[in-house]
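Subject: Structure handover

Hello,

I am passing on the structure we spoke about. Please look it over, then read the notes that follow.

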Amino acid sequence: MIESLELLAGGVVNAAAPALLFATFIGVLIGLMVGVLPGLGPAAGVAIMLPVAISFGGTAAIAALAGIYFGAMFGGAVTSILLGIPGDAPSVMTVIDGNAMAKKGEAGRALGMNVFASFVGGSIGIIFLALLSVPIASAALAFGPTEMTALMCFALSLVSVLGGRNMVKAFVSLFIGMWIGMIGLDPIGGPVRYTQGSIHFFDGIDFTIVAVGLFGFSAMFISLSSELRGSLQKHSFLSLMPNIADIVKCKVILVMGSIVGFFIGVIPGVGATASTMLSYGLAKKTSRNPDEFGQGAIGGVAAPEAANNASSYASMIPLFTLGIPGSATTAVLLGGLLMIGLQPGPLLFVNEPEFVWTVFGTFWTGNIMLVILTLLLTPFLASIVFVSRALLYPVVIGIVIFGVYSINYSTIDVGTALVAGIIGYLMLKLGYTPVPLILGLVLGPLLERGVRRTLISSQGDPSVFIERPISIVLLFLTIVVICMPLVKRGVRIVFTRLQASKRRLQ
Amino acid sequence: MISIKTNTIMAATTVTFAFAMSVSTAIADEKFVPDSTPTIIVPFGAGGGSDILARTIANVIDQLELLPTNIQVENHPGGSGARGYNYIAEQRGDPYTIGTVSVSFFTTPLLGSSPVDYRDFTPIAAIAMSPYIVAVPEGSDINDIADLKSRERLTTGTPGVVSDASLLSQLMQEQSGATIDAVPFDGVGEVLSAMLGGHIDFMFGNPGEIEPQLEAGTLRALAVSTDERLPSFPEVPTLEESGYDIEHVQLRGIVMPMEISDHAVSYWEDIFRQVAESDAWEEEYLNRFGDVPRFVGSEEFSGILEETNDLYARMMNELDIEQ
């Protein structure tokens, strides 16, 4: 344990060499921009910069690429908070409370919490990475299709928490999301589903594009249809500043979010976005004032941002200890490792310890750089609230369209985002919340894959779900989450009846 | 043969087409010399296997200064390769558009989701060969391929429902009589996790994917899918030695649009021959990804494209995937 921390310290010292600092800085700076630009996410950012970064050579190349990844995690929340448009997939959950806070005139506080949460999540992520890499990598492998199914059931059960007041509408929204997730090539059976013969939907509909439309465009359509034109909201200068006391206020949520993010992130194939959903759901579930969530609760920013940062560091573990890319972004990083002439695999740690620990060191220096950069930028970014919407929205719409287009250089994608925006507008007008739709779109495909893969290996026998320990625990927790409100209500009814009968007796 | 007009050649099958080309170029007097920048189109996103292949080729061509011009790489991702391949095919007659062949080059059209298929391209060459290795986890009680054959029921993982791994597992199932349940995952990373976590019994993988695990002793190789044993794994038998009639490898192939001149075909064939035979290629691609050196010219490659397509067509028919 102590030895690992010493190695990490050595790595940080190596990472402080000017060339590496510079490469890391370039990486985090580009990452921030990629994150801020709606639509472009970490995977696309790292992939686009791959050829350039490789020219830095060796450790600097990987430091820059990893920096882009972490920078995007920091930057994604900026547009989520200020404009209600997710900058990338893992910051979708941040829209809910972050944007509500900005509307209340607390943009600086929300942005500040993004920085603190990202820093705490990142720090916990790096320390766990240094201490637990090898044991946790083997433990993560225990997560097969069966466990994945159970985990997804648990995550989806949190819809009952996130769905708002009307359960029926929440589930309608959820199922629409799951249906959208089915469009494209059937991942298990083979044939295409619901593509209407178009090759554009063959690979399915990119979740980020839907999220940008559903949250971003719909919010703009709503404000266009209401009488907001030209009006300036009242904002004090203080509202632009981060509030350091919030760290203490959210300490439990920050730590819980980081731990959830870390352990979900290390499992290959689940991803940072799913971890933010779990983290947010748990934060709301365990909160003393769950009704504040969704109305601009600071904890609603802390939970997903701590989780997605911790998750991004955790996703490095399978890559560096086993040579397995667990996500789209780490798959590109694996390509990067190969291109600089390294052989990622179980022996990388043994054969190239200096390289691995130096790269881990740059994770730390990158994290510090991001905190300083984003804290300095916060007041300037937050001052966007002073800009009239009549001026702001045309520019934002232009940037969003550019961001969506640049994912695949496809105008069809832009059209899809606009359609998602119209759907989001209709949903808001009819009183449906779009959050369960997003949950269904992200978690539904993972659930489908989990169930169908498990049943292929078990030859159609569903009893495996209650034969494996991790799966049993997760399914039990799912039942608890679903039944809790019912039990609570039941107890309350019984209790009031008892009191009533007592009164009658008296 | 030489007197046949170009149009007639176009109408003939790809095999005769390419054959006629190479014959007619033999007596050609004027030569094709590139005067604008050729582009390698990658029908997938940056950072993936096809992208790395294209960028390495471009690097090697640059380093060896094989062209009088630069060469560039462009990504056209979308539709499981359909968008990019469609784009290449649309550049009819353009001797500056180059594409690389992947599994999706065959399977996406077979799924009925692409307006173009392998017949809409001019085969140029194949410049490397990637074999498949059958592997089990270190602690598996399957000791050799005979053990594997004796099992009645096995589970394997594939990187996608239509992939070389599912083709191979289907062929093995047909020939051994065992039932092999193939679980489709998303990419080879997930297959490796499932393998190391003990959720599947065995897997197929390229040397580039499997070699680090073999070196670390986390996986054991049982057989290779080539016709001869691999120099890097002399002790691992081929599937044919083990009693299977299976030989299937992935060729790193190069195609161009239709209707490009005979001179251009032989020019590019020659460029890619020089790439395939260079030290830079060996160092930057073959050694790095565990590929086997192999050069296949336009004519032979054209026949291979057709055979490979038939193989995938049959697999998808067996998997009951509608076309």
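**Chain interface, domains and helix packing**

Between them, chain A and chain B bury about 3500 Å², and 64% of that area is on carbon and sulfur atoms. Please keep in mind that this is a predicted model. The contact involves 47 residues of chain A and 42 residues of chain B. On the chain A side, the residues that lose the most area to chain B are A:Ile199, A:Phe202 and A:Arg453, which together account for 17% of what that side buries.

Next, the domains of chain B. The area buried between domain 1 and domain 2 of chain B is about 1000 Å², with 56% of it from carbon and sulfur atoms.

Helix α3 (residues 42-54) and helix α16 (residues 328-339) of chain A pack with their axes 8 Å apart, at an angle of about 10°. As angles under 35 degrees count as roughly parallel, α3(A) is therefore roughly parallel to α16(A). From α3(A), the contact uses A:Pro42, A:Ala43, A:Val46, A:Ala47, A:Leu50 and A:Ile54, and α16(A) supplies A:Ala328, A:Thr329, A:Val332, A:Gly336 and A:Met339. By class, the contact of α3(A) with α16(A) has nine nonpolar residues, two polar and no charged ones.

Helix α7 (residues 145-157) and helix α22 (residues 469-505) of chain A pack at about 15°, their axes being 8 Å apart. α7(A) and α22(A) are therefore also roughly parallel to each other, and their crossing is left-handed. On α7(A) the contact residues are A:Thr146, A:Glu147, A:Ala150, A:Leu151, A:Cys153, A:Phe154 and A:Ser157, while α22(A) contributes A:Ile470, A:Ser471, A:Leu474, A:Leu475, A:Leu477, A:Thr478, A:Val481 and A:Ile482. The classes in the contact of α7(A) with α22(A) are 10 nonpolar, four polar and one charged.

How do the axes of helix α4 and helix α5 of chain A cross? The axes of α4 (residues 58-82) and α5 (residues 92-103) of chain A come within 7 Å and cross at roughly 55°, so α4(A) and α5(A) are oblique to each other. The crossing of α4(A) and α5(A) is right-handed. Contact is made by A:Ala77, A:Ser80, A:Ile81 and A:Leu82 of α4(A) with A:Thr94, A:Val95, A:Gly98, A:Asn99 and A:Ala102 of α5(A).

Regards

Conventions. Residues are numbered from 1 along each chain as its sequence is written. Chains are lettered from A and ligands numbered from 1 in the order in which they are written. This is a predicted model: local features need pLDDT of at least 70, side-chain atom pairs count only at pLDDT 80 or more; totals for chains, interfaces and linings use all residues. Side-chain values use heavy atoms; hydrogens and water are left out. Axes are lines fitted to C-alpha atoms, for helices over the stretch in contact, and angles run from 0 to 180 degrees between N-to-C directions. Helices (H or I, at least four residues) and strands (E, at least two) are DSSP runs, numbered from the N terminus. Angles under 35 degrees count as roughly parallel, over 145 as roughly antiparallel, 65 to 115 as roughly perpendicular and the rest as oblique. A crossing is left-handed if the near helix is turned anticlockwise from the far one by less than a right angle, and right-handed if clockwise. Contact means heavy atoms within 4.5 Å. Buried area is the accessible area (1.4 Å probe) that two parts lose on being put together, summed over both. Ala, Val, Leu, Ile, Met, Phe, Trp, Tyr, Cys and Pro count as nonpolar, Asp, Glu, Lys and Arg as charged, and the others, Gly among them, as polar.
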